[in-house]
Amino acid sequence: MSDTQNGQNRGASRRAFLRGAAATGVGLAASKAAAEGSDPLITEKQEWAIYTGAGVDETPYGLPIKYEGDVIRRNVPWLTADPISSINFTPIHALDGTITPQGCAFERHHSGAIELKKEDYRLMINGLVDQPLVFTYEDLERFPRVNRTFFLECAANTGMEWAGAQLNGAQFTHGMIHNMEYTGVTLRTLLEEAGLGAAGDLSDKWVYVEGADASSNGRSIPMEKALDDCMIAFKANGEALRMEHGYPVRLVVPGWEGNMWVKWLRRIEVTAQAIESREETSKYTDTLADGTSRKWTWVMDAKSVVTSPSPQSPIKHGKGPLVITGLAWSGRGAITGVDVSIDGGKTWQKARLANEGQSMALTRFYLDTTWNGEEMLLQSRAHDETGYVQPTKAQLREVRGENSVYHNNCIQTWHVKANGEAENVEVSS
C-alpha cells in the first residue's frame with residue numbers, strides 16, 4: 001500500500017471517528033468544554049506541573065506506576081491445594097500488543113520456584129551421545145546465539161471451561177499464556193556438540209529433559225522436535241529470566257504445551273524410547289468420553305480470545321466508537337486471520353491483524369466498530385496457516401466428551417450487556 005493510500009485511510013478513519021463521536025455528543029462536549037474553559041485539568045495548573053518529580057535513581061530497576069498497580073498476576077486459590085504446586089494467570093485483559101512483560105507473565109510450579117545462582121548452574125548431556133558433557137552457564141554464553149519470539153501456553157489453559165462457563169474473566173479463562181522474545185542457543189547446537197553418532201538412526205530416538213527443582217519435572221521429546229526448533233534460553237525480553245520462569249536457564253519448546261518447557265534445566269538425556277515419566281502419564285493426557293486417554297498431544301492448536309471488552313475490561317465510555325481487541329495463536333504455525341462475531345457466531349466480521357502472524361507467537365487483532373448500547377455475544381475465531389479453524393465447544397465435545405481438562409481451544413463467548421459490563425457465558429451450537 002502506498003503512503004498516499006495510507007494517508008487516505010488514516011484520514012477516513014479519523015473522519016469516521018469524529019462523526020461517531022459527534023453523533024453521541026462525545027466530540028461536541030469535549031470541544032465545548034475546551035472552548036468555554038470549563039475543564040480545570042486544562043485551565044488550571046496541576047501539581048505535577050508545579051513541583052519537581054522523581055530523580056533518575058528513584059527506582060534503579062523501573063517499576064510500573066502506582067496507577068497501573070492492578071495489572072498483576074492472580075491465582076484462584078481453590079484450583080489447587082497449595083500455592084507451591086500451583087498456577088497464576090497473566091492479566092491479558094489489561095495488556096496490548098503481543099509481548100508479555102516478565103513481571104506479569106503467568107507461573108506454573110510443581111514444587112515452587114527455586115533460587116539457583118549462575119555460578120552453581122550445570123547442564124549435563126548424557127545417554128546415547130558420543131561424549132557426555134557438562135556445561136556451565138558461561139559455557140552456554142560462548143555458543144552462537146539466537147533470538148526468537150514464542151508463546152508459552154499451559155496445556156490446562158481454559159481447562160475449567162470444558163463442562164460450562166466457569167471463571168469470569170479473560171485472565172482466568174485464558175491467562176495461562178505468555179509471549180516473550182527468548183535469547184539462547186539451539187538445542188541442536190548442544191546435541192551436536194556432544195555428538196549423536198552413538199544414537200544411530202535418529203528417527204526413533206528421544207531426548208529426556210529434566211529440571212533441577214525438587215519435583216524433578218521431566219518430559220520426553222521426540223528427537224525430530226529437539227533438532228528442529230527447541231532452544232536453551234537464558235534471556236527473555238532482553239533481560240535475565242526471572243526466578244519463576246526458570247532462572248538461569250530454561251528449555252523452549254515452540255508451539256508445544258508449557259509443561260515441556262522445563263525450567264532450571266539440568267539434564268538432557270538422549271534415549272532409545274520415551275521415558276513416560278509421571279508428568280506424561282498421570283497428567284497432561286486427554287481423557288475421552290469413554291474413559292480412555294490419548295497421550296502425546298503436545299501441540300497447542302489454534303486459539304483466540306477477545307480480551308476487551310471482557311468481564312475484567314468492560315465498556316466504560318458509553319455509546320460510540322469501540323475497539324474490540326484480543327489475541328490469537330497457533331502451535332502449528334502463523335495466524336492468518338481472525339473473525340469476530342457480536343451475535344454468538346451467527347455472523348462474522350474479519351478482524352484487522354496488528355501485524356502479520358508470526359509462527360508460534362501471539363498475534364494481536366482489532367475490530368474497529370461502533371457500539372450503540374446493544375447487547376452482544378462476543379466471540380473470536382482464529383485461522384492458522386495450515387487451514388485449521390478454531391472450533392466451537394460443541395465441536396470439541398463431539399470428539400472428546402466433557403471429561404477432558406487439557407487442550408481446550410474452543411471459541412469463547414462474552415455476554416456484553418447494555419451497561420457495558422460483560423460475563424462469561426456458553427452458547428450452544
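Visitor: What classes of residue does the lining of the largest pocket have?
Guide: By class, that lining has 12 nonpolar, 6 polar and 2 charged residues, where Ala, Val, Leu, Ile, Met, Phe, Trp, Tyr, Cys and Pro count as nonpolar, Asp, Glu, Lys and Arg as charged, and the others, Gly among them, as polar. This is a predicted model, in which local features need pLDDT of at least 70 and side-chain atom pairs count only at pLDDT 80 or more, while totals for chains, interfaces and linings use all residues. Residues are numbered from 1 along each chain as its sequence is written, and side-chain values use heavy atoms, with hydrogens and water left out.

Visitor: What makes a space a pocket, and what a cavity?
Guide: On a 1 Å grid over the protein atoms alone, a pocket is an open set of points with protein on both sides within 12 Å along at least five of seven lines, whereas in a cavity a 1.4 Å probe fits but cannot get out; lining residues have an atom within 4 Å of a point. The largest pocket has a volume of about 350 Å³, a volume being the space filled by probe spheres set on the points, which are joined across faces, edges and corners. Of its 20 lining residues, the closest to the centre are Thr 80, Ile 87, Ala 156, Met 176 and Val 405.

Visitor: How many cavities of 30 Å³ or more does the structure hold?
Guide: The structure holds 3 of them.

Visitor: Why is Thr 158 called buried?
Guide: Buried means under 20% relative accessible area, exposed over 50%, and partly exposed in between, with a 1.4 Å probe and protein chains only. Thr 158 has 3% relative accessibility, so this residue counts as buried.

Visitor: What makes Thr 392 partly exposed?
Guide: Its relative accessible area is 22%, and Thr 392 is therefore classed as partly exposed.
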